[in-house]
Amino acid sequence: MTKPSLPELLHAAVTAVGGTERPGQVAMAEAVEEAIDGGSHLLVQAGTGTGKSLGYLVPALAHGERVVVATATLALQRQLVERDLPRTVDALHPQLRRRPEFAMLKGRSNYLCLHRLHEGVPQDEEDGLFDQFEAAAPTSKLGQDLLRMRDWADETETGDRDDLTPGVSDRAWAQVSVSSRECLGATKCAYGAECFAESARERAKLSDVVVTNHALLAIDAIEGAPVLPQHEVLIVDEAHELVSRVTGVATGELTPGQVNRAVRRAAKLVNEKAADQLQTAAEGFERLMELALPGRLEEIPEDLGYALMALRDACRTVISAIGTTRDKSVQDEDAVRKQALASVESVHDVAERITNGSEWDVVWYERHEPRGGAAYRHSGASLRVAPMSVSGLLREKLFTDRSVVLTSATLKLGGDFNGVGASLGLAPEGTEGDDVPQWKGVDVGSPFDYRKQGILYVAKHLARPARDGDRGDMLDELTELIQAAGGRTLGLFSSMRAAQLAAEELRSRIPEYPILLQGEETLGELIKSFAADPGTCLFGTLSLWQGVDVPGPSCQLVVMDKIPFPRPDDPLMSARQKAVEEAGGNGFMAVAATHAALLMAQGAGRLVRASGDRGVVAVLDQRLATARYGSYLKASLPDFWFTTDRNQVRKSLAAIDAKARQTEAEGQPESG
């Protein structure tokens, strides 16, 4: 029997999901097939509406080797496992003559821990265990959540936090989950045979396709202990997020609260001398942190160096002491010991990392606003350490022994893939060499006609935005644009403070257009309300830019208050910029402009989500039209029709609004 061709398989899959084949999707599938067959790497930019998940799933399933698909958002993981994979597998089964298995795998703390649920949480203050169900009044929100999770534990097949609806707070979830460090291990745990996290791993080992998240992919690369099963093909979707997710996993933090928790947990398991040594070191660290001023520490101050060495050495003493003592008076001693060890080891590892002082690490103090109440008195300051760059780590850990496909709607910045490639540790496309991963960049375009469907408007007449300066002229402009659009506005702001100020001001100026604000409700609820009423506006920050998918007349104006450069006092970004400059490069373009281009491309991508969508992306920052780097940023955005004419844009918005109202009055859906 001849092997079915890729076009035949793709056609069957697209028909099964009720879609239509698009040239970009075919081009993408062919490029993915070529990369997998040749064992090389691919960066593929596929615009919204290309159908990119089928563009990589079909060639990957046809290849027949095990595939790991890593995504940044929960929404896409669910879409793959609940919709795209089941339908694609069913559609390809007759032609492939096999039925590929698939599974989802996440980090351990995403799964309910039966040991915690039934035996309770080792408590910091008292000896032994604490029954969280007894202690939390059933009338409290926490108590109700815990009782609900106890019932859910009997019926859930996955134990996956994301399958629990409605969800619960982080605090409630922490009562019934463990980190990988706190886990007793399947062989030592009384519930090992029924463990949800273990069975998810077993399912993954037996599957042809494993769907996971960027964080677990990073842990797999960094920790050295494999979490993911062996695989021949890695597909990274939403790949524009990968560098920041890997950086997040590779970032260490120390706070007085965390150190004191380690002291309390270890105190009852070790001799007095070891406990006192850790207590003294913790007090010294806490005193220093009370005086900490936010900002980067290019050199570790002497007093901090001594405090960290004292912490590191005290943690070492405690770790070996915990290993040699047994205390029969402690109930469920193994769990108590494991939790204490996990706390002390994480303090030790960060203290040691900062003390060792790698030139590749950036260290800084960060201050947080105390969230009220004595319980949070330690939330004031933290000491953080992060890698200057994760490109070397990614080059070494990601691009060896497997073929890697990275895809997103935004990978091509300023017109080429080399910027994103460099952040992933890849040499410029076409560079030859023994240790140089070979890769290719392909842009398969978009099914949308951006020049006909959208306008990019830059408010060139506004004053240059100054940091934390008054932007009355920007608020006037925003008010007029929303009125012209008849609501229907997604406002994307460079800071939460800017979003709050704008929402407050506009709620009093134009009360006829309801304004929803990020943080006042869950993101899912906000997006639902925004989509349901065309007159409504939704304001939020950068984090909102990724998750909004609202085709149709509810989102016909996307506004960005200013170019989202990193804050000048962001320790990690400014350290990265300085490092590029010291190596002879252009730090501003390589770091700040690339960061802004990626976020703006994501933000602008919210406007056109379907072939019938029409609208305006308005940037209320004259620098996009006047600064030298403006052309680089514009080249990173969809190819909208460009104008700085404020009257023209108001007329266009009014016309789009009138057409939408007419369609609504006739009761027809607008998006095609």
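Modeller: A polar contact is a pair of N or O atoms within 3.5 Å, and within protein one must be able to donate a hydrogen and the other to accept it. Please keep in mind that this is a predicted model.

Biologist: With which side chain does the side chain of Ser 53 make a polar contact?

Modeller: The partner is the side chain of Asp 84, at 2.8 Å.

Biologist: And where is Ser 53 placed?

Modeller: Ser 53 belongs to helix H3, which covers residues 52–63.

Biologist: Is Ser 53 buried or exposed, and why?

Modeller: Ser 53 is buried, because its relative accessible area is 10% and buried means under 20%. Leaving aside neighbours within four places in sequence, Ser 53 is in contact with Gln 79, Leu 80 and Asp 84.

Biologist: Let us change topic. What is the order of the strands in the open sheet?

Modeller: The 7 strands follow the order E16-E17-E15-E18-E19-E14-E20, with parallel pairing. Strands E16 (515–517) and E20 (641–643) are the edge strands, each pairing on one side only.

Biologist: How many bridges join E15 to E17?

Modeller: There are 4 bridges between E15 (residues 489–493) and E17 (residues 537–541), and these strands run parallel. Leu 490 stands opposite Leu 538 in E17.

Biologist: Which strands does helix H20 touch?

Modeller: Helix H20 (residues 496–509) packs on the sheet and touches E15, E16 and E17. The direction of H20 makes about 155 degrees with that of E16.

Biologist: And which strands does helix H24 lie across?

Modeller: Helix H24 (residues 587–604) lies across E15, E18 (557–560) and E19 (615–619), and runs at about 160 degrees to E18.

Definitions and conventions. Residues numbered from 1 in each chain as written. Predicted model: local features only at pLDDT ≥ 70, side-chain atom pairs only at ≥ 80, totals over all residues. Heavy atoms only, no water. Helix = DSSP H or I, 4+ residues; strand = E, 2+ residues; numbered from the N terminus. Buried < 20%, exposed > 50% of the residue type's maximum accessible area, 1.4 Å probe, protein only. Contact = heavy atoms within 4.5 Å. Pairing = 2+ DSSP bridges. Axes fitted to C-alpha atoms, helices over the stretch in contact; angles between N-to-C directions.
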